[in-house]
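Subject: Structure handover

Hello,

Here is the structure I promised to pass on. Please open it alongside this note, and read on for what turned up.

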Amino acid sequence: INVLAMGGADIAFSGTIDNTTGLDAQGTIAVVDQGGEVTFSGAIGATKTLKAITVDGSAGHDTVFTGAVKATTVTFTGNGNTDDILFNGGVNAFNLVITADGRATFGADDVLTGNITTTANGKGTLVFGTATEDKTLVTGNIGTTNLLDLEAITVVTGSSATTTLATGNIFALATAISGTGTVALGGTAEGATITVGSGTILSIA
């Protein structure tokens, strides 16, 4: 499926996009950002995973997924840390690759099984909404090495909740943690700074 937003008009897809071939990693979605926001309001890859989803957000318009997304790889290309891809669908499963730059935002209590990486050192921003109960946000790694750090990660945790940022290792230049609960790190965290807000507990495995 190829999606081309032109002329400043937004595009909204309602309904599911599924892979019913019987095999995982079949089918692709490509979003070419020309002039408007693109929203997918149904689950993607519910029966079997898609092979790839590529999103070009370099023109400054958001791409929003309101349902769960399951694919082998989601690749997002932005042109700065305010070019957004947003996930609001609960439980997601894919490897997220940020190329050039861009910001990926996950809604409250939305989680990801897979790794998050960048192809440019010091580029790529992650924002996680406030978790209202105990959650593991990323079952996997964030970043690859000290030579391929993400730019920044923002995590907010709710009252009495323990939010595990990632089960694997984290490579980011800056991580900002806030809220009234506990943020746990499942693996090592390497980068320039980790900032912990007042009233937030940081737990290191």
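A salt bridge here is a side-chain nitrogen of Lys or Arg within 4 Å of a carboxyl oxygen of Asp or Glu. By that rule, the count is 2 salt bridges. Keep in mind that this is a predicted model.

Start with Asp84 and Arg103. They form a salt bridge, and their closest N and O atoms are 2.6 Å apart. Asp84 sits in strand E8 (residues 84-87) and Arg103 in strand E10 (residues 103-106), so this pair ties together parts that are 19 residues apart in sequence. How accessible are the two partners? Asp84 has a relative accessible area of 8%, so Asp84 is buried. Arg103 is partly exposed, at 24%.

Next come Lys135 and Glu133. Their side chains also meet in a salt bridge, with an N to O distance of 3.5 Å. Lys135 is partly exposed, with a relative accessible area of 21%.

One more residue to look at is Thr182. You will find Thr182 in strand E18 (residues 182-185). Its relative accessibility is 16%, so Thr182 counts as buried. Which residues does Thr182 touch, leaving aside its neighbours within four places in sequence? The contacts are Thr157, Ala161, Thr162, Thr163, Ile201 and Ser203.

Best wishes

Technical notes:
Residues are numbered from 1 along each chain as its sequence is written. This is a predicted model: local features need pLDDT of at least 70, side-chain atom pairs count only at pLDDT 80 or more; totals for chains, interfaces and linings use all residues. Side-chain values use heavy atoms; hydrogens and water are left out. Helices (H or I, at least four residues) and strands (E, at least two) are DSSP runs, numbered from the N terminus. Buried means under 20% relative accessible area, exposed over 50%, partly exposed in between (1.4 Å probe, protein chains only). Contact means heavy atoms within 4.5 Å.
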